[in-house]
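Work through these exercises with the model open beside you. Try each task before you read its solution.

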Amino acid sequence: MTLEDRGPGPDAIYREELLAGRFTIQTCADCGLASFPPRVFCKHCGSAALTRAEASGEGTVYSTSVVRNRPDKGGDHNVSLVDLAEGARMLTRVEGAAPTDVPIGARVKARIVTGEVPHVVFDLVKE
């Protein structure tokens, strides 16, 4: 069996799902824990029994940092860790607030951004 016979890898499948408008997360059928980013084996128990299901898109900001850029390079933006409702933690960006004003503990909701490389960002949930 060659690598081509195995089909697309977990990251390619994740990106295909994003292009189809679905944000999915892997969960291990053996230990029940969620993992992100996509992988071949469960990061918690090492099992290959990973399943993929649509994520709720709900999360909480765990931490955030500001990346400083010149205005001609896109300006400042945040890089944040978001704890997903499913239990995984995701490195992402939070929009809807200035990069320095993303509150830790804030509720957020996922949104898929399509383009050259589809990706997920989060918007602050208005309380």
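## Exercise 1: A polar residue in a strand

Asn78 is found in strand S5. The model is predicted.

Task: decide whether Asn78 is buried or exposed, then find what its side chain meets.

Solution. 
- Step 1. Take the relative accessible area of Asn78, which is 3%. Buried means under 20%, so Asn78 is buried.
- Step 2. Look for side-chain partners. A polar contact of 3.0 Å joins Asn78 to the side chain of Ser80.
- Step 3. Turn to the backbone. A polar atom of the Asn78 side chain lies 2.6 Å from the backbone oxygen of Val94.
- Step 4. List the surroundings. Beyond four places in sequence, Asn78 is in contact with residues including Thr64, Val66, Thr92, Val94 and Pro99.

## Exercise 2: Order the sheet

Task: give the strand order of the open sheet of 6 strands, and say which strands stand at the edges.

Solution. 
- Step 1. Start with S5 and S6. They run antiparallel and are joined by 4 bridges. Ser80 stands opposite Thr92 in S6.
- Step 2. Move to strand S8 (residues 107-113). S8 pairs with S9 over 6 bridges, in the antiparallel sense. Ile112 has Val120 in S9 as its bridge partner.
- Step 3. Check the turn. The hairpin of S8 and S9 has 5 residues between the strands, and Gly115 takes a positive phi near 160° there.
- Step 4. S7 and S9 run parallel, with 2 bridges. Glu95 has Asp123 in S9 as its bridge partner.
- Step 5. Write the order: S6-S5-S4-S8-S9-S7, with mixed pairing.
- Step 6. Read off the edges. Strand S6 (89-92) and S7 each have a single partner strand, so one side of each is left without a neighbour in the sheet.

## Exercise 3: Classify the rings

Task: the structure holds 1 aromatic pair. Say why the pair of Tyr14 and Phe36 is classed as it is.

Solution. 
- Step 1. Take the two values. The centres of the rings of Tyr14 and Phe36 are 5.4 Å apart, and their planes stand at 75°.
- Step 2. Apply the cut-off. Planes over 60 degrees apart count as edge-to-face, so Tyr14 and Phe36 form an edge-to-face pair.
- Step 3. Tyr14 is in helix H1, and Phe36 is in the loop between strand S2 (34-35) and strand S3 (50-54). They are 22 residues apart.
- Step 4. Check burial. Both Tyr14 and Phe36 are buried.

## Exercise 4: Step back

Task: how many helices and strands are there in the protein chain, and what pattern do they follow?

Solution. 
- Step 1. Count them: 1 helix and 9 strands.
- Step 2. Read along the sequence: α-β-β-β-β-β-β-β-β-β.
- Step 3. Of the 127 residues in the protein chain, 29% are buried.

Notes: Residues are numbered from 1 along each chain as its sequence is written. This is a predicted model: local features need pLDDT of at least 70, side-chain atom pairs count only at pLDDT 80 or more; totals for chains, interfaces and linings use all residues. Side-chain values use heavy atoms; hydrogens and water are left out. Buried means under 20% relative accessible area, exposed over 50%, partly exposed in between (1.4 Å probe, protein chains only). A polar contact is a pair of N or O atoms within 3.5 Å; within protein, one must be able to donate a hydrogen and the other to accept it, and residues adjacent in sequence count only if both atoms are side-chain atoms. Contact means heavy atoms within 4.5 Å. Two strands pair if DSSP finds at least two bridges between them. Rings of Phe, Tyr and Trp (its six-membered ring) pair if their centres lie within 6.5 Å; planes under 30 degrees apart count as stacked, over 60 as edge-to-face and the rest as tilted.
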